[in-house]
Amino acid sequence: MKVIEHIEKAQAPLFSYEIVPPPRGRSIKDIIEVVEALAPLNPPWIDVTSHSSTSYFQERIDGTIQKKTLKKRPGTLGICGVIQNRFKIDTVAHILCLGFTREETEDALIELSFLGIENVLALRGDTPNFQKQIRVDRTVNSYASGLVSQIKDLRDGKFLDDLDRADSLDFCVGVAGYPEKHFEAACLKNDIQNLKKKVEAGADYIVTQMFFDNQKYFDFVTQCREAGITVPIIPGLKVLKSANQLKTIPKNFYIDLPEELVDGLLESPQHAAEIGMNWCRKQVEGLLNFGVPAVHFYVLNDVHSIVKVVKGFK
């Protein structure tokens, strides 16, 4: 079932989750354990992130330096297939612009369709730390709006090559929104205009970057509606579990943390996990009172805290 159909048919707010493929060399068992922990919560869908290749230098035994390029977290398509077909939970595969050609994207979407997956999240992605050589016969999407347009073309049976009697690939498409604006955007108003372009290109819903101040989400929704964006806007939440995350989360995700939350964690770092869960519970309660269609949780490596939070609303 498509995400938008889950939302339209829901009799109560939904709780969805986002997981990350294990590092290269690790077993899918890591992901299976996470999904098994989430399954009793009856998730309507689970997102699986995608990662482009990265370049790094490695010293050989003989002392020479070798440059290597690889995906540190491969397996998005395979993990989506396992969740969809083994656990019977709808999955949302993340599809990136940067680091992939449009031809590679089309191949990935065909494979997802073969696996019975109907949902994707279209993202620009982080800029790779190396310059990928693009063949002259290949093309790229520079922005998520172009990726959404490509997926919309596939809905209409329009492939990159002119194929005779091609079947359509009918994906539900989500895109990312940033209540505190994307870090590259000049201002929030400009960022919302870029978001509107993605919706006009064919996006069905928006899921936000994590935030810890509900008022920023409320203001973001208001500004989106004033800009003419009418699709569902799903809030994204993360449970803090340590005082160390006061440094890492703002740095990695370009967001601010409320003073009250920061003060609480600094005063009682030994109780960080409980403080983080209580803060998230208050956020969920406020969002449900606001009337959100769903709440999306960024699991990362902390599934058990999220399970404890969500059980309080089931």
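Helices here are DSSP runs of H or I with at least four residues, and strands are runs of E with at least two, both numbered from the N terminus. With that settled, let's look around this predicted model.

Start with the barrel. Eight strands close up in the order β1-β2-β5-β6-β7-β8-β9-β10, and their pairing is parallel. On average, neighbouring strands of this sheet are turned by 30° against each other, ignoring direction. Strands of a sheet pair through backbone hydrogen bonds, in either a parallel or an antiparallel way. Where β1 meets β10, five bridges join the two parallel strands.

| Helix | Strands it goes with | Angle |
|---|---|---|
| α2 (residues 29-38) | packs on the sheet, touching β1 and β2 (45-48) | about 170° to β1 |
| α4 (residues 102-114) | lies across β5 (90-96) and β6 (119-123) | about 175° to β5 |

Next, the second largest pocket, with a volume of about 450 Å³. Its lining takes in 22 residues, and V20, R73, L300, N301 and D302 are the ones nearest the centre. Which helices each supply at least two residues of that lining? They are α2, α8 (245-253) and α11 (303-311). Helix α8 gives the largest share, five residues. Sorted by class, the lining of this pocket has eleven nonpolar, five polar and six charged residues.

Technical notes. Residues are numbered from 1 along each chain as its sequence is written. This is a predicted model: local features need pLDDT of at least 70, side-chain atom pairs count only at pLDDT 80 or more; totals for chains, interfaces and linings use all residues. Side-chain values use heavy atoms; hydrogens and water are left out. Two strands pair if DSSP finds at least two bridges between them. Axes are lines fitted to C-alpha atoms, for helices over the stretch in contact, and angles run from 0 to 180 degrees between N-to-C directions. Contact means heavy atoms within 4.5 Å. On a 1 Å grid over the protein atoms alone, a cavity is a set of points where a 1.4 Å probe fits but cannot get out, and a pocket is an open set with protein on both sides within 12 Å along at least five of seven lines; lining residues have an atom within 4 Å of a point. Grid points are joined across faces, edges and corners, and a volume is the space filled by probe spheres set on the points. Ala, Val, Leu, Ile, Met, Phe, Trp, Tyr, Cys and Pro count as nonpolar, Asp, Glu, Lys and Arg as charged, and the others, Gly among them, as polar.
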